[in-house]
Amino acid sequence: HELAKDFKIGLQFIYRNNGNIIEDIDKNNGYDPDVTDENGPIWIPYEFIDPGMDGEFGTPDDQRLTVYGLREDRPAMEKIGTNPLEAKRRYYTGMLTLSKRMTDNWQLEGSILYSVFKGNASDRYGTMGLEEEAFDSPNSQINSYGRLYFDRPLQIKLMSTIILFNDFTLSAYFQHHSGSTWTRTLERVYFPEGYGVKQSYVWVRAEERGAQRKASYTNMDLRLEKSFALGDSTKMNISLDIFNLFGNRGVNFNDNPNGSLYYYRTPPKYQLDPLYGTASSVYGVRTFRIGVRLSF
């Protein structure tokens, strides 16, 4: 809708439902914790106390969880690719758009978006299609539905250009978006000796997928450009680009304790991932670039 001359706003809504998602399953044992055969339950439950984010037993963030071990007389896992009926990814977004045409020596384009991206099958390129183990066992189904890695609820983008005096042009690009999600996991929950299961430990999400979020990202890029006429049909442009104008920088850490739990011991033992709390990457470099363009 045009609110004023050369300026309009728009509203958009998008709903996307991914179907027929390709994932692998265990052909021999499935992923239903309640399935049985002639000898009883195929997946044997094991209940324990998760010490929570603080890693200390007996504190308010403790919780009771149940994982499952494959009964020791069952055949080994045999993976096949299929389309599990429960696999889903759903995306909802509402977006406000702004547009000011180039008049009176300035223009503006922008959008403000709020979205929700949830599912129980990964959206990351390296794990899409048979690689995530989302349906390999009942353990991969625990806390499996939630906000996916590429879920960025708030996204703001603004782009503007202003023509200044003496053929100087100033352009700016601003962007802000929510940080990526992550989930606290237990890398290894060990079963007691003689528990009657094939594996000695299993992996499990200790909270809903995407329950945690890293810091949001904000950035401003700037370009200043000057045009020179060189004769009737030749023009030279000299530009200065400044990327990350405000010098935003930071360090990404391994936030997930990803602990190993020996609950059957007395007292129970909880061991943190050796990489927990260490720096994984550094970001934030202010960059200057000078460019020359000749048009004829």
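Student: A strand is a DSSP run of E, at least two residues long, numbered from the N terminus. Which strand gives the largest share of the lining of the largest pocket?

Tutor: Strand 16, with four residues. This is a predicted model, where local features need pLDDT of at least 70, side-chain atom pairs count only at pLDDT 80 or more, and totals for chains, interfaces and linings use all residues. Residues are numbered from 1 along each chain as its sequence is written, and side-chain values use heavy atoms, without hydrogens or water.

Student: How much space lies in that largest pocket?

Tutor: About 1,200 Å³. A pocket is an open set of points on a 1 Å grid over the protein atoms alone, where a 1.4 Å probe fits, with protein on both sides within 12 Å along at least five of seven lines; lining residues have an atom within 4 Å of a point. Points join across faces, edges and corners, and the volume is the space filled by probe spheres set on them.

Student: OK, pairing. In what sense do strand 15 and strand 16 pair?

Tutor: Antiparallel, over four bridges; two strands pair if DSSP finds at least two bridges between them. Leucine 186 stands opposite valine 204 in strand 16.

Student: And strand 15 with strand 21: parallel or antiparallel?

Tutor: Parallel, over three bridges, strand 21 being residues 259-262. Arginine 188 stands opposite serine 260 there.
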